[in-house]
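Subject: Structure for you to look over

Hello,

Here is the structure to look over. My notes follow below it.

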Amino acid sequence: MAKKILIIEDDPTVVKYLSTLFQDNGYETCSAADGVEGFEVLKKEPPDLITLDLDMSKETGPRFFRRMSQSKEFSHLPVIVISGLSRPELAMRKVVAVLGKPFDPNELLNLVRHTIG
């Protein structure tokens with residue numbers, strides 16, 4: 001069974017790109033446009049890994065991450081931050097990696113493979 005990646009990103013172009021990249025490499029995907037929707041998808045379709053944008057409407061990436069981290073059910077999930085913010089590495093600790101936009105797709109795939117296989 002393929003590993004599932006939840007993409008939490010408000011830019012539909014980035015969501016489509018990431019979905020295609022992951023699916024072409026054998027992963028299943030699901031997505032959400034912000035942290036509020038992301039938490040709902042997280043409960044319905046538990047993923048093996050999450051990619052998380054930081055700057056989104058309704059609920060930002062850091063707020064989603066904090067809420068997820070406080071949940072016993074989801075606190076173990078690995079998160080890769082992908083953000084266009086100038087210093088995204090300052091936003092959260094305890095994530096697998098932080099990639100700036102634009103990112104290298106091969107670097108992202110290597111991180112995913114190393115983290116979930």
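**Salt bridges**

There are 5 salt bridges in the structure (a side-chain nitrogen of Lys or Arg within 4 Å of a carboxyl oxygen of Asp or Glu). This is a predicted model: local features need pLDDT of at least 70, side-chain atom pairs count only at pLDDT 80 or more, and totals for chains, interfaces and linings use all residues. Residues are numbered from 1 along each chain as its sequence is written, and side-chain values use heavy atoms, with hydrogens and water left out.

One of the salt bridges pairs Lys 4 with Glu 45, at 3.4 Å from N to O. Lys 4 sits in strand 1 (residues 4–8) and Glu 45 in the loop between helix 2 and strand 3 (49–52), so this pair ties together parts 41 residues apart in sequence. Helices (H or I, at least four residues) and strands (E, at least two) are DSSP runs, numbered from the N terminus. Lys 4 is buried, at 16% relative accessibility. Glu 45 is partly exposed, with 33% relative accessible area. The cut-offs: buried is under 20% relative accessible area, exposed is over 50%, and partly exposed is in between (1.4 Å probe, protein chains only).

Next, Lys 101. Its side chain meets that of Glu 9 in a salt bridge of 2.9 Å, N to O. The two come from distant parts of the chain, 92 residues apart: Lys 101 from the loop between strand 5 (97–100) and helix 4 (105–116), Glu 9 from the loop between strand 1 and helix 1 (12–24). Lys 101 is partly exposed at 29% relative accessible area, and Glu 9 is buried at 4%.

Lys 101 also forms a salt bridge with Asp 53, where the closest N and O atoms are 3.7 Å apart. Asp 53 lies in the loop between strand 3 and helix 3, so its pairing with Lys 101, in the loop between strand 5 and helix 4, ties together parts 48 residues apart in sequence. Asp 53 counts as buried, at 4% relative accessibility. Through shared partners, salt bridges join Glu 9, Asp 53 and Lys 101 into one network.

Most residues other than glycine have a negative phi, and most peptide bonds are trans. Two places to check against that follow. A cis peptide bond joins Lys 101 and Pro 102, with omega about -5°. Pro 102 is in the loop between strand 5 and helix 4. Lys 58 is not a glycine, yet has a positive phi of about 60°. Lys 58 is in the loop between strand 3 and helix 3. At 72% relative accessibility, Lys 58 is exposed.

**Helix 2 against helix 3**

The axes of helix 2 (residues 35–44) and helix 3 (residues 61–69) come within 9 Å and cross at roughly 30°. Axes here are lines fitted to C-alpha atoms, for helices over the stretch in contact, and angles run from 0 to 180 degrees between N-to-C directions.

Which residues meet? Gly 35, Val 36, Gly 38, Phe 39 and Leu 42 of helix 2 meet Phe 64, Arg 67 and Met 68 of helix 3. Contact means heavy atoms within 4.5 Å. The contact residues divide into 5 nonpolar, 2 polar and 1 charged. In that count, Ala, Val, Leu, Ile, Met, Phe, Trp, Tyr, Cys and Pro are nonpolar, Asp, Glu, Lys and Arg charged, and the others, Gly among them, polar.

**Aromatic pairs**

The whole structure has 4 aromatic pairs. Rings of Phe, Tyr and Trp (its six-membered ring) pair if their centres lie within 6.5 Å; planes under 30 degrees apart are stacked, over 60 edge-to-face, the rest tilted.

Phe 39 and Phe 64 have ring centres 6.1 Å apart and planes at 70°, so they are edge-to-face. Both Phe 39 and Phe 64 are buried. Phe 39 and Phe 74 are edge-to-face too, because their centres are 6.0 Å apart and their planes at 80°. Phe 74 lies in the loop between helix 3 and strand 4 (79–83), so its pairing with Phe 39 in helix 2 ties together parts 35 residues apart in sequence. Phe 74 is buried. Phe 39, Phe 64 and Phe 74 form one aromatic cluster.

Best wishes
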